[in-house]
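Got a model open and wondering where to start? Let's walk through it in questions and answers.

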Amino acid sequence: MPAVHHKLLLEDALQDSPQTRSLLSVFEEDAGNLTEYTNQLLQAMQRVFGAQSEMGLATEQLSQQLLDYEKKNFALGKGDEEVITTLQSFAKTVGELNSLHSELANQMADSMVFPLIQFREKDLTEISTLKEIFGIATDEHEAAMVKYSRLPKKKENEKLKADMVKEVAYTRRKQHQASLQYYCALNALQYRKRVAMLEPMLGYTQAQISFFKKGLELVSKKMESFLSSVSNMAQNIQKQLDAEAETMRMAQKELLSVEDTVYMPDKETETVNRTLIQKAGYLNIRNKTGLVTTAWDRLFFFTQGGNLMCQPRGAVAGGMVLDLDNSSVMAVECEDRRYCFQITSPSGKTSMILQAESKKEYEEWICTVNNISRQIYLTDNPEAVAIRLNQTAIQAVTPITSFEKRQEGAPNPDRAKPGGAQPAGSDSQKSGAAPEPEDLIAPGTPIQFDIMLPASEFQDQNRAGGRRTNPFGETEECTAESDDSLLQQVFAVRFLGSMAVRCGNNQEVIYEAMRQVLAARAIHNIFRTTEAHLMVTSSSLRLIDPQTQVTRISFQLEEVCQFAAHQENGRLMGFVVEGRDWSDGNEEGEPSFSAFVFESNTEGEKICYTINLAKEITEAKKDPEALAELMKNMPLTNDGKFLLLEPETGDSTSGENQEDLESEA
């Protein structure tokens, strides 16, 4: 009897790779076909047992079912040739034994029907039960990994981290145990199904021979050698099953004897291999689900040559995600997740953010991609080249942000943080609970998507107190201060929308206004915007038409009470303007606030930094010594103004058909 050529490897149970799952699906399909066939065969045997008057038809059906075993085309049927031949011989014999007696009922019940029922109720039911247990354990492990992946990085959450690590280890061990039992049962089923197919027919034939011994003496003599070979075949298969079961039991015991650290996702004692040129494992990938919303999916990634491949669970093969040649990789700070890194294509148009489950995996993935991007896998000795590039890979592991690369003597980057215009007392508000959206913006507040409206209608909608100009570009007020401003910086921006808000001392109101403006644009399919120039001076903010140089709207700097850039999309920024509402008849007027949202061609933090500097200049003007000290520490232009950034509007005014641009917000 040939040995089984296909079986599930117990060593692959812990990794639970897509390849193992694909092979597992073949075994499950085979078990399903076997269950279906067993039920059909059992029905045929029960008909033989119960339908005495229709014994001829029942025997014919049984004979046909035995012949159908070959037609089932079991995916793991290699090695069943002798079983098929034996069943075909049995089918011929059953066709000849077409007359039965009622005294055979007890013998048939004990030797034919009962073994197959026992096989179905014990072995096949066990497979079904273990499959359900394995599925539940897998779902629990996936749920634990999702919660573990969302762990924050704060030190005060170390207890939570320890609890989550124990939970992941527990669920992973539980899944490992369930998978080992399930794999062993599926492997054993390949032997048991053959015994289960042969044993009932062996008992049936022996019962027939025993009953018709005298009348069928010639027939029994013909079948003695045949039945002996079948009995020996079943015994040999049983011996193989016992040997395989003992081997799997020892392997299972050895695999489960490892320390609990094997199941822990983040083991601090592991050493990092920085010379890898191939890597495979599960990673979380961030996908955009909306304008500003994202979702994380856990997929199996692996490298193949110079390509990054991804293979979803259940897929037969993986597909290419990104060409890693000449790509760049770096660690990034992403939301509130640990171990995140970003891979960017050479053109910069394609990038993806991935998250590893441990620090070791995180650093090895970065080093591997860093090695592959330099095409060292094409060299004669890639490992030696990777060792030389080890220092570069270590530098790539260190997270950096856009403002950590400032040159020495550059302005303090803390000024560009959102909410830089808040007074000192506003810190107490940040430490409290986050306000509800209804506390920031009244429900149903209308949104202004354009600023090309009459001044009265625009100010009535926003109540911002902004100063509009007439169509000829003449401002309502022209002071000496605006003509001799110490700071003038122009940014190319696109106005996205404005709306009335309930407060101006909380940066969360800007984020909520951004969310509502972007959501309203998406709902109403408003994707086109008009480009303008935002001029920041030491006295005001002015929005200028780049074609006509007409000031569409301006605000005094003291009216801007809050400003911030978006936390994820760095090109979005906004500010809150305070005005007065005299509609209630109050002489002083009630304070009113409006939020303005823009999309810039540069980082919104730079605009916030400039606005914050302008406010510092305004405060410094009150003290000549402070102003002199500020001018001493900042670079100045030839005309005595503060020099901050290179002009960013040169490209925006070169074309004549740039009025209607499509926003990327």
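What follows is a set of questions and answers about this predicted model.

Q: How many helices and how many strands does the chain have?
A: Let's begin with the overall make-up. The chain runs to 665 residues, and 46% of them count as buried. Its secondary structure comes to 16 helices and 16 strands.

Q: Which residues have the most contacts inside the largest nonpolar core?
A: That core has 60 residues. The elements giving two or more residues to it are α1 (18–50), α2 (55–71), α3 (81–96), α4 (104–149), α5 (158–211) and α6 (217–256). The residues with the most contacts inside the core are Leu62 and Leu66.

Q: Which residues does Leu62 contact, leaving aside its neighbours within four places in sequence?
A: Leu62 is one of the residues with the most contacts inside the largest core. Take away its neighbours within four places in sequence, and its partners are Leu41, Ala44, Met45, Val48, Val94 and Met201.

Q: Are α1 and α5 roughly parallel or roughly antiparallel?
A: The axes of these two helices come within 11 Å and cross at roughly 30°. Angles under 35 degrees count as roughly parallel. That crossing angle therefore makes α1 and α5 roughly parallel.

Q: How many nonpolar residues are in the contact of α1 with α5?
A: The crossing of α1 and α5 is left-handed. By class, their contact has 5 polar and 4 charged residues, and the nonpolar ones number 16.

Q: Are α1 and α4 roughly parallel or roughly antiparallel?
A: Their axes are 10 Å apart, and the helices pack at an angle of about 155°. Angles over 145 degrees count as roughly antiparallel. So α1 and α4 are roughly antiparallel.

Q: Which hand does the crossing of α4 and α5 have, left or right?
A: These helices pack with their axes 8 Å apart at an angle of about 165°. That angle makes α4 roughly antiparallel to α5. Their contact divides into 29 nonpolar, 10 polar and 11 charged residues. The crossing of α4 and α5 is left-handed.

Q: Is Met197 buried or exposed?
A: Met197 sits in helix α5. Beyond its neighbours within four places in sequence, Met197 touches Leu34, Tyr37, Thr38, Leu41, Tyr69, Leu87 and Leu116. The cut-off for buried is under 20% relative accessible area. At 1% relative accessibility, Met197 is therefore buried.

Q: What distance separates the C-alpha atoms of Met197 and Val83?
A: Along the chain, Met197 and Val83 are 114 residues apart.

Q: Where is Cys340, and is Cys340 buried or exposed?
A: Cys340 is in strand β6 (residues 340–344). Leaving aside its neighbours within four places in sequence, Cys340 contacts Trp296, Ala331, Val332, Cys334, Leu354, Gln355 and Tyr362. Its relative accessibility is 1%, so Cys340 counts as buried.

Q: Asp16 and Asn326 have a positive phi; which of them is exposed?
A: Most residues other than glycine have a negative phi. Asp16 has phi near 55°, and Asn326 has phi near 60°. Asp16, in the segment before α1, counts as buried at 5% relative accessibility. In the loop between β4 (319–323) and β5 (328–331), with a relative accessible area of 53%, the exposed residue is Asn326.

How values were computed
Residues are numbered from 1 along each chain as its sequence is written. This is a predicted model: local features need pLDDT of at least 70, side-chain atom pairs count only at pLDDT 80 or more; totals for chains, interfaces and linings use all residues. Side-chain values use heavy atoms; hydrogens and water are left out. A nonpolar core is a set of buried Ala, Val, Leu, Ile, Met, Phe, Trp, Tyr and Cys residues joined through side-chain atoms within 4.5 Å. Buried means under 20% relative accessible area, exposed over 50%, partly exposed in between (1.4 Å probe, protein chains only). Helices (H or I, at least four residues) and strands (E, at least two) are DSSP runs, numbered from the N terminus. Contact means heavy atoms within 4.5 Å. Axes are lines fitted to C-alpha atoms, for helices over the stretch in contact, and angles run from 0 to 180 degrees between N-to-C directions. Angles under 35 degrees count as roughly parallel, over 145 as roughly antiparallel, 65 to 115 as roughly perpendicular and the rest as oblique. A crossing is left-handed if the near helix is turned anticlockwise from the far one by less than a right angle, and right-handed if clockwise. Ala, Val, Leu, Ile, Met, Phe, Trp, Tyr, Cys and Pro count as nonpolar, Asp, Glu, Lys and Arg as charged, and the others, Gly among them, as polar.
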